[in-house]
Amino acid sequence: MIYPKIPLAQSVIEICLAKGITTIVISPGSRNAPLTIGFSSRSEFDCYSIADERSAAFFALGIAQQKQTPVALVCSSGSALLNYYPAFAEAFYSQIPLVVLSADRPQNKIDIGDGQTIRQENVYANHSLYNANLTEEASEKNDYEINRAIDTAKYQYGPVHINIPFEEPLYETVNTLSISPKMSSYENQKVTLTTTDLAAYAEIWNNSSRKMVLVGVNPPEFVKQFISDYLANDPTIIVLTETTSNLHHPTFINNIDTIITPFTKEDFETFQPDILLTFGGMIVSKRIKAFFRNYKPQQHWHIDPLRAYDTFGALSKHFEVCPNDFFEKFIPLLDQSVTSDYSNKMAAVVALRKIRTEDYLKTIPFSDFKVFEKVIASLPANSQLQVSNSSAIRYAQLIDIDPSIEVFCNRGTSGIDGSTSTAIGAGVASVKPTVFITGDIGFLYDSNALWNNYIPKNFKIILINNGGGGIFRILPGHKETPVFNTFFETAHSLTAKHMAAMYNLNYSVADDEESLKVALKLLYETNDAPTILEVFTPMTVNDKILLDFFKNLI
């Protein structure tokens, strides 16, 4: 067995193994050589080498997103760990466990003009659940810090940072361990609810005839079926689900913007809930946020074992438990005899919107909206869909998606950076075939994601290229000026053709409805290499088609 000679590196590696961290994403460098040698020399670890640190961090995020267990990132000193920060922040807001192991110079080398040296300690302080700043020598105190950081990531679901100073020589190895790290356990303070705790809230619930449940980001198959069935069959409840909620029932509303965008003042007042119950992660829909901010519920309860954001300025109760645990205790206390036409009124609206949507989609020319309609309908059953941010996730929320398809998007910070890298990491970790839908700006921004030797052969990228940041055209204040085209929309004439060739990816093109139909069929039949299907849509009509859609829903 080969071990790094430096005892501190041995401690980090042995504690990671003991704590079950076996997926390691390594950014090549020199200062982190003791960790790189130690992790890569052991068969117990699955190691990936990703050169671009920003891409590496999002790749690790994608793996952790799928496995729901901590993934370790290993980098050299200096600016390397700063490039992890976008993914680190995403992990914080999306509650995804990451462990950053940053190699550092010893403390006496900081701020003396040494190369690749910055102030690394606590560099992620604003978004880190725990910061372990180790000293150079192996010790029980260092062991405690390593244990505490890893356990925090594991049980509090988020990113942590372990900063590890190493002095040269860095590459020496030994055949036996020189340390026996001290292990410590984590006291996870799990909150439990009792019938007594919930009785007063059940009474409020039972006295209301208008309740809304809004569900954000959730892992697939997370919510137990009996909960969905109960919520669906109560006439006093309307359930709104985001595409990323991975929660399905024929009566649930999964295209929120389609339903509420045409609402009048009277409609908003009719459907203003007495109680808003939320669970899951971040919400995409700006319109539903505006609804609840302008027509506040009397009660807003959020269910999450860790956090509750007062998104609508109306939060009145945070139940610090898992949604399944909450409903198992809460449902038996509820009165099912309450009469209400609340859900039936909404069902009538939904039926009308469905007819209007189908009629409108039949009339529109080839455009972003038409492409999303056809692409989402083509997705293979039981596959995984990764969606980039900005326009892509918003269009995806307007189209019904087969319930067997799992949907993911980086909604923690909602940034376009790293969407491709995350999707590739998720594809590596998932047993399901992965399709990634992205816009051109997000794709170009994360082009180093393709500098990756681990992309599965059945990984598909559907790149919708409208020549710029099309989302800015539908925002208030858009005007066709040189300033807008250059500094907001970032208009361009770039394609992915040569990039696909450079990275040995299959590549195909579509630019009208017929060629898209043919290309999609071929896309799913070919699995000899990762594939990019680039779909070119007209830049200047997409915004009008989308805005007219909402007008035609009335």
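# Rings, sheet and backbone in a predicted model

The charged end of Arg307 lies over the ring of Phe92, at 4.3 Å from the ring centre.

## Aromatic residues

Phe319 also belongs to an aromatic cluster, which it forms together with Tyr201, Trp205, Phe279, Trp301, Phe326, Phe327 and Phe330. Across the whole structure, a search finds 32 aromatic pairs. In general, such a pair of rings is described by two quantities, the distance of the centres and the angle of the planes. The table gives these values for two of the pairs.

| Aromatic pair | Distance between centres | Angle between planes | Geometry |
|---|---|---|---|
| Phe39 and Phe45 | 4.9 Å | 85° | edge-to-face |
| Phe292 and Phe312 | 5.2 Å | 70° | edge-to-face |

Phe39 and Phe45 count as edge-to-face because their planes stand at 85°, and an angle over 60 degrees is the criterion for that class. Both of these residues are buried. In the other tabulated pair, Phe292 and Phe312 are likewise edge-to-face, and Phe292 is buried, as is Phe312.

## The parallel sheet

Strands β12 and β13 are members of an open sheet of five strands, arranged in the order β10-β9-β11-β12-β13 with parallel pairing. At the edges of this sheet are β10 (237-241) and β13 (315-319), each of which pairs on one side only. From one strand to the next, the twist averages 20°.

Within the sheet, strand β9 (residues 211-215) pairs with strand β11 (residues 275-279) in the parallel sense, over five bridges. As one detail of this pairing, Leu214 has Thr278 in β11 as its bridge partner.

Two helices that pack on the sheet may be described next. Helix α6 (residues 195-206) touches β9, β10, β11, β12 (299-303) and β13, and its direction makes about 130° with that of β12. Helix α12 (residues 342-363) also packs on the sheet, where it touches β9 and β10; the direction of α12 makes about 45° with that of β10.

## Backbone geometry in the loops

Most residues other than glycine have a negative phi, and most peptide bonds are trans. Several places in this model may be read against that background.

The peptide bond that joins Glu168 and Pro169 is cis, with omega of about 5°. Pro169 belongs to the loop between β7 (159-165) and β8 (173-174).

Asn122 is not a glycine, yet it has a positive phi of about 60°. This residue is located in the loop between β5 (98-104) and β6 (131-133).

The loop between α13 (368-378) and β14 (384-387) contains Asn382. With a relative accessibility of 46%, Asn382 therefore counts as partly exposed.

Methods. Residues are numbered from 1 along each chain as its sequence is written. This is a predicted model: local features need pLDDT of at least 70, side-chain atom pairs count only at pLDDT 80 or more; totals for chains, interfaces and linings use all residues. Side-chain values use heavy atoms; hydrogens and water are left out. Two strands pair if DSSP finds at least two bridges between them. Helices (H or I, at least four residues) and strands (E, at least two) are DSSP runs, numbered from the N terminus. Axes are lines fitted to C-alpha atoms, for helices over the stretch in contact, and angles run from 0 to 180 degrees between N-to-C directions. Contact means heavy atoms within 4.5 Å. Rings of Phe, Tyr and Trp (its six-membered ring) pair if their centres lie within 6.5 Å; planes under 30 degrees apart count as stacked, over 60 as edge-to-face and the rest as tilted. Buried means under 20% relative accessible area, exposed over 50%, partly exposed in between (1.4 Å probe, protein chains only). A charge sits over a ring if NZ of Lys or CZ of Arg is within 6 Å of the ring centre and within 35 degrees of the ring normal.
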